[in-house]
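Here's a quick walk through a structure, one piece at a time. Have the viewer open and follow along.

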Amino acid sequence: MPSVTAMKKDYGLQKGSRIGDLVVQSVQMQHVVKTTNEHYQFPTVMTVQLNGDGTSTAMAEALKTIQQHLDAPRIIYSEYGSPYECTIGAVQMMSNHADPDHAMKVKFEGKALRRRDIPTLKEVKQKEKEEERQKRGLSANDDQEPAQIAQLKSQGYRVISSHFAGAKCAVCGEVVYPGDKIAKSTSVQHKGGWAHINCAYQASTAASETGDLDS
Ligand SMILES: [Zn+2]
């Protein structure tokens, strides 16, 4: 389940937080297990400081502001990265009168329902990693790479795995990550630094097309 801390943080319900012109004084939020790993409830009592007087009009206005602030459903993750859709029900005043110092107490109940159609944080990170690889022209199951390496070697390129962090590709200028396969021409006519396999391959192909490959 999303922790009480995560719920408070995501909804901006921490001591001193602002909700419109109101200031949160205290939030007592509990959690109730309805169905483990599926459904949780968060009964909550909150005290806010009203801006200005404590008339019933000001209180009704404040109630509306709080309800609007809590209205939209949102996805909050558990500490294991599981997504939950969180909603907050009707906000109710606990008294018809504000305190003498214009503080007002309200109660409401949060609800968290596990969403199995939304990727977990772990899945999101894996996808980002894969997209990062693709951006660098290195698909996880890039079946072109062995053919490109063979082609480069036949043209006298050296091919190794990079061991250095922070190196840059001589062709595209992007970072070469440790473990990436890189290639460098050994021919005198084709001086140049180490480059991604993909980049070196494209450069060598372009060179041979323009008749520049006189090895
Ligand atoms: Zn490159």
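**A loop residue to start with**

With 12 C-beta neighbours inside 10 Å, N37 counts as exposed; the cut-offs are 20 or more other C-beta atoms within 10 Å of a residue's own for buried, 12 or fewer for exposed, and partly exposed in between, with C-beta atoms placed from the backbone. Before going on, note that this is a predicted model, where local features need pLDDT of at least 70, side-chain atom pairs count only at pLDDT 80 or more, and totals for chains, interfaces and linings use all residues. Residues are numbered from 1 along each chain as its sequence is written.

N37 sits in the loop between β3 (32-35) and β4. Strands here are DSSP runs of E with at least two residues, helices are runs of H or I with at least four, and both are numbered from the N terminus. The phi of N37 is near 65°, a positive value in a residue other than glycine. Most residues other than glycine have a negative phi. H102 also has a phi near 65°, positive in a non-glycine residue, and you'll find H102 in the loop between β7 (92-93) and β8. With 17 C-beta neighbours inside 10 Å, H102 counts as partly exposed.

Now zoom out. The protein is divided into domain 1 (4-114) and domain 2 (137-209), with bounds that come from an automatic or database domain assignment. The C-alpha centres of domain 1 and domain 2 lie 56 Å apart.

What about the inside? The largest nonpolar core has 21 residues, and V48, L50, A62, I66, L70, M104 and A112 touch the most other members. A nonpolar core here is a set of buried Ala, Val, Leu, Ile, Met, Phe, Trp, Tyr and Cys residues joined through C-beta atoms within 7 Å. Two or more residues each come from α1 (4-11), β4 (39-49), α2 (56-70), β6 (83-88) and β8 (103-114). Leaving out residues up to four places away in sequence, A62 touches L22, V48, L50 and M104, where contact means C-beta atoms, placed from the backbone, within 7 Å. There's a second, separate core of 15 residues, including Y157, W194, I197 and A200.

Strand β6 turns up again in a hairpin with β5, with five residues between the two strands; in the turn, G81 has a positive phi of about 85°. Four bridges join β5 (residues 74-77) to β6, and the two run antiparallel. I76 has Y84 in β6 as its bridge partner.

Next comes helix α3 (residues 121-135). At 1.5 Å a residue, its 15 residues should span 21 Å, and the end C-alpha atoms are 21 Å apart, which agrees; the expected span is 1.5 Å times one less than the number of residues. The number of buried residues in α3 is zero, so the helix lies largely in the open. K122 lies in α3 and, with 11 C-beta neighbours inside 10 Å, counts as exposed.

Finally, there's an open sheet of three strands in the order β9-β12-β13, with antiparallel pairing; strands pair if DSSP finds at least two bridges between them. The edge strands, β9 (157-161) and β13 (195-196), each pair on one side only. Two bridges join β12 (residues 181-185) to β13, and I182 stands opposite H196 in β13. Helix α4 (residues 145-154) lies across β9 and β12, running at about 140° to β9.

Conventions:
Two residues are in contact if their C-beta atoms, placed from the backbone, lie within 7 Å. Axes are lines fitted to C-alpha atoms, for helices over the stretch in contact, and angles run from 0 to 180 degrees between N-to-C directions.
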